[in-house]
Amino acid sequence: MSPPRIDRRWLRDHPLPGLADASDKNERGRVVVIGGAEFVPGALRLTGEAALRAGAGKVQLATVQSVATALGVLVPEASMLALPSDRNGEIAAQAVAMLEDHVGRCDAMVLGPGMSVSDRTDTLVARLLASPRQGLGVVLDAAALTSARDLAPVIASHEGRVIMTPHRGEMAIFAGMDEAAVAADPEGVAADMAGRFRSVILLKGQESILADPSGRLLRFDGGCVGLATAGSGDVLAGIIGGLLARGADPFRAAAWGCWLHGAAGRALSEEIGRIGFLARELAAVVPRLLDETMTAPQNR
Ligand SMILES: NC(=O)C1=CN([C@@H]2O[C@H](COP(=O)(O)OP(=O)(O)OC[C@H]3O[C@@H](n4cnc5c(N)ncnc54)[C@H](OP(=O)(O)O)[C@@H]3O)[C@@H](O)[C@H]2O)[C@@H](O)CC1
Ligand SMILES: Nc1ncnc2c1ncn2[C@@H]1O[C@H](COP(=O)(O)OP(=O)(O)O)[C@@H](O)[C@H]1O
């Protein structure tokens with residue numbers, strides 16, 4: 001029997017925490033997004049804007065010094081943390097000392113967009129996850145997933161507050177199996193990894209599978225082919241980070257994020273065309289979708 005579907009009915013039965021009209025931006029939480037490099041200088045724009053569009057109160061973008069100023073101008077709503085880089089224009093391992101302080105003041109951390117697989121990334125990810133912080137939700141995406149594969153006990157110590165978002169290729173590396181084996185049993189693989197890492201796993205694809213350590217499983221098939229575009233996963237990670245910062249629990253944040261991302265893709269398919277809308281266009285659709293799903297009686 002296939003797992004329940006993430007759809008409007010599921011969202012209605014599992015609402016996001018409400019926000020009073022009188023609420024202050026500080027009540028909507030703070031997200032730090034760590035990643036990017038000289039060869040993908042705009043990656044954090046995708047993630048940071050998505051976190052803000054999902055309702056986060058404040059976003060901080062932490063990336064290499066050589067791109068930080070330009071990125072800050074591109075996303076003037078964010079504050080910037082300029083990190084030392086190595087000779088390849090990627091975040092240097094010593095940046096971790098600067099980051100540890102900042103992460104301690106945040107409600108959500110998104111780690112990995114635009115980073116590449118390397119020993120430096122491994123060091124950074126291991127150090128940033130080493131001491132779980134009360135209430136911090138974590139999204140691990142892209143290269144951070146490869147770093148996470150040897151960190152099961154560390155990730156488990158975060159007590160279910162880590163969300164990992166691999167696509168099938170990343171899951172194959174992460175789980176140490178070939179992609180055909182992941183494709184043959186995505187539900188089994190996602191459930192197994194969620195149990196081993198005591199974390200939430202969102203295995204992305206045309207159909208995405210969401211699993212948590214307690215054995216809950218959901219599926220989402222409401223996206224569209226246009227979502228298979230560069231940077232689309234960076235946007236999803238940002239939406240989930242923004243929802244975590246607003247106070248959603250990790251499983252709910254991942255499920256809502258998956259649905260919002262898919263529904264935004266469908267909206268752009270209709271408005272712009274089936275293929276060829278840009279990842280950076282997705283986030284702007286999210287606030288309207290949130291209003292519709294959170295308030296309109298006909299959608300409940
Ligand atoms: N590239 C860009 O233009 C942009 C990239 N951006 C950022 O870079 C991140 C990476 O994106 P991407 O596109 O560089 O790597 P993607 O294909 O996700 O592979 C990741 C890993 O999975 C592996 N892997 C993949 N398929 C596989 C398979 N079938 N079977 C097995 N393995 C497979 C793959 O192995 P490889 O193909 O290298 O052998 C690699 O190790 C992205 O999430 C985003 O943050 C953005 O900022 C925007 C612009
Ligand atoms: N054919 C498809 N139909 C529906 N959704 C898709 C399809 N292909 C990819 N997606 C979705 O698009 C997103 C792509 O994420 P990812 O592969 O990480 O992109 P990138 O690495 O380019 O940022 C995922 O949320 C995935 O579920």
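Select P186, V189, A190, A191, M193, A194 and F197, which are the buried residues of helix α10, a residue being buried if 20 or more other C-beta atoms, placed from the backbone, lie within 10 Å of its own. This is a predicted model, in which local features need pLDDT of at least 70, side-chain atom pairs count only at pLDDT 80 or more, and totals for chains, interfaces and linings use all residues. Residues are numbered from 1 along each chain as its sequence is written, while chains are lettered from A and ligands numbered from 1 in the order in which they are written.

Just after α10, R198 takes a positive phi of about 45°.

Now show α7 (152–156), α8 (168–175), α9 (179–184), β7 (200–203), β8 (208–211) and β9 (217–220), against which the buried residues of α10 pack, contact meaning C-beta atoms, placed from the backbone, within 7 Å.

From α8, move to ligand 1, to whose shell α8 gives the most, with 4 residues. Of the 14 residues around ligand 1, A43, P113, A142, G169 and G231 come nearest (near: C-beta atom, placed from the backbone, within 6 Å).

Finally, centre on ligand 2, where K204, G223, L227, A228 and G233 come nearest among 17 residues, and where α11 gives the most to the shell, with 4 residues.

Note on methods: Buried ≥ 20, exposed ≤ 12 C-beta atoms within 10 Å, placed from the backbone. Helix = DSSP H or I, 4+ residues; strand = E, 2+ residues; numbered from the N terminus. Contact = placed C-beta atoms within 7 Å.
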